[in-house]
Amino acid sequence: GDTAECGSTARCPPNHPPARSQSSVAISRLRSRSQLGESKEISKLRPGNMPITEVPCQLAHEINEDYETAVVEEGRIYEYTSAANPAMKEIPVMFHPAEQHRSGPTRVIPFDLSKNIGVPYPCSSPNLMASFLRICKGEQLSTSARATSQAFYVITGKGSSHSDVHGEIPWAMGDMVVLPRCPSEVRHTSDASVDSAIYWVTDEPLLRYLGVSPTEDIFKPTVIRREQMLREVEKISHEEGSEHRNRMGILLGTKATEGPSCEPYFPIRKHHSTKSETTVGAAAAGEVSESEGEGKPKSGGDEQQGSGTLTLTPTLWSLLNVLPAHDHQQPHRHNSVALDLAVYASPKGGVYTLMGPDLDETGTRVKNPIRCDWSTGSVFLTPPGWWHSHHNESDEKAWVLPMQDAGLYTYQRTLDIRFAPAVAEATPVQTEDEELQESAAASKAKTAVVVAMNTDGVVAEPSAVQTSG
């Protein structure tokens, strides 16, 4: 522990081997003087610009050469400016047609884009896995996921879901069932009178990427009923100024993610459909706050009960958004990936989303957009950071329920949601050089990968679609 002998400015730990004299601070064969370098340029990188003979190094007898070689070979070094923003596969625009869950046998229909994204496990985005569940009348389908969060939105039909951990939860069209980690399978049974379809989203790809499994429940089993959601959407649609909001809808949340800044639009209500459900407590209603963070402030103190993200779970985020007839909703963008379920769109068409990475010169519309037409029960993917606006040229209201990994982004303070104005803002006067630079940038075409799924859930060949230039 003698710092003078060791040559280090920091005190050595108790288990440090006995130091030799200053002249015998040897450099090991694996970390020779030639490896450390003796040039004046390299020497400046040494702690305190100390002489190379004073740089603390492992001694030869302290190193297992085979293991040293193995662990050193795992390391990589990159030049910062060329590697700070690495080239990675783009997340594609994806279409998943409703025809997949409207016919055929009972089955899971995964939205697997792992090959497009470049990962060795099933995923629909880097953090999320989405699927349709088709359950024929009177039949049962089991699902399992290594996930902290699972969301089941009932597209159509009615039935129940049962697990050894969370008990039995009945559901019907329009209900949202959210489960924390579930080591056992979840068995979904459709009522004998009707086929059922469920939109199932989990955060399993995130856990697979990290190489972990959930060890504790981070929220309680939650059910938000269709009637609750529709009642609250109707309420806010009549509020003053609602027609000017970027989206007209409700964010779905749980008690674990509530915070002091907003209160839910309705109190927690228990659904007493069955004795088993009440006993397990699995269907205690969730909480809903108005979309875009415009909820009502709490009247009480500032004591925070949950994470404060106001999201469906700590990782998942969901919004039930209504798009009035003959109306549109201005573009917005966010860093999270959106997997949008078209809950309802007029069968006559005329309901669609325009999306793209940039806004036009007015700053109010998406530039050279890709158009995604809605059809009831279909899903489309909006890549992260893309601007997207919703349009309804039909005579009926349209409904959409996006699922995102925005719970995670909100907690990390990196969601970066931005809203395009309805009216173009004043354009600052540009210099000649700025105009030339802008013209040159606009001349460079950007491409987007668009992926379509066939009715068997197989990814069709991607195509490059011109989006600007």
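In which strand is the place of L133? L133 lies in strand β3, residues 129-135, where strands are DSSP runs of E of at least two residues and helices are runs of H or I of at least four, numbered from the N terminus. The model is predicted, so that local features need pLDDT of at least 70 and side-chain atom pairs count only at pLDDT 80 or more, whereas totals for chains, interfaces and linings use all residues. Residues are numbered from 1 along each chain as its sequence is written, and side-chain values use heavy atoms, with hydrogens and water left out.

L133 counts as buried because its relative accessibility is 0% (buried, under 20% relative accessible area; exposed, over 50%; partly exposed, in between; 1.4 Å probe, protein chains only). Its C-alpha atom is separated by 9.5 Å from that of Q100, 33 residues apart along the chain.

Eleven salt bridges were counted, each defined as a side-chain nitrogen of Lys or Arg within 4 Å of a carboxyl oxygen of Asp or Glu. One of them joins the side chains of D175 and R225, at 2.8 Å from N to O. This pair links distant parts of the chain, 50 residues apart: D175 is in the loop between β7 (167-172) and β8 (176-179), and R225 in the loop between β11 (222-224) and α9 (226-237). Both residues, D175 and R225, are buried. R231, E232 and K235 are linked in a network of salt bridges. Within it, the side chains of E232 and R231 meet at 3.7 Å, N to O; E232 is buried at 1% relative accessibility, while R231 is partly exposed at 39%. D360 and R365 also form a salt bridge, with the closest N and O atoms 3.2 Å apart. Here D360 is buried, with a relative accessible area of 13%, and R365 is partly exposed, with 48%.

Three cavities of 30 Å³ or more were found, a cavity being a set of points on a 1 Å grid over the protein atoms alone where a 1.4 Å probe fits but cannot get out, with lining residues having an atom within 4 Å of a point. The second largest cavity holds about 60 Å³ of space. Of the 13 residues that line it, H332, H388, H390, P402 and Q404 are the closest to its centre. Strands β14 (317-323), β16 (338-344), β20 (387-392) and β21 (398-404) each supply at least two residues of this lining.

At the surface, Y67 in helix α4 (residues 65-73) is exposed because its relative accessibility is 57%.

Definitions and conventions:
1 Å grid on protein atoms, 1.4 Å probe; cavity = no way out; pocket = protein on both sides within 12 Å on 5 of 7 lines; lining within 4 Å. Points joined across faces, edges and corners; volume = space filled by probe spheres on them.
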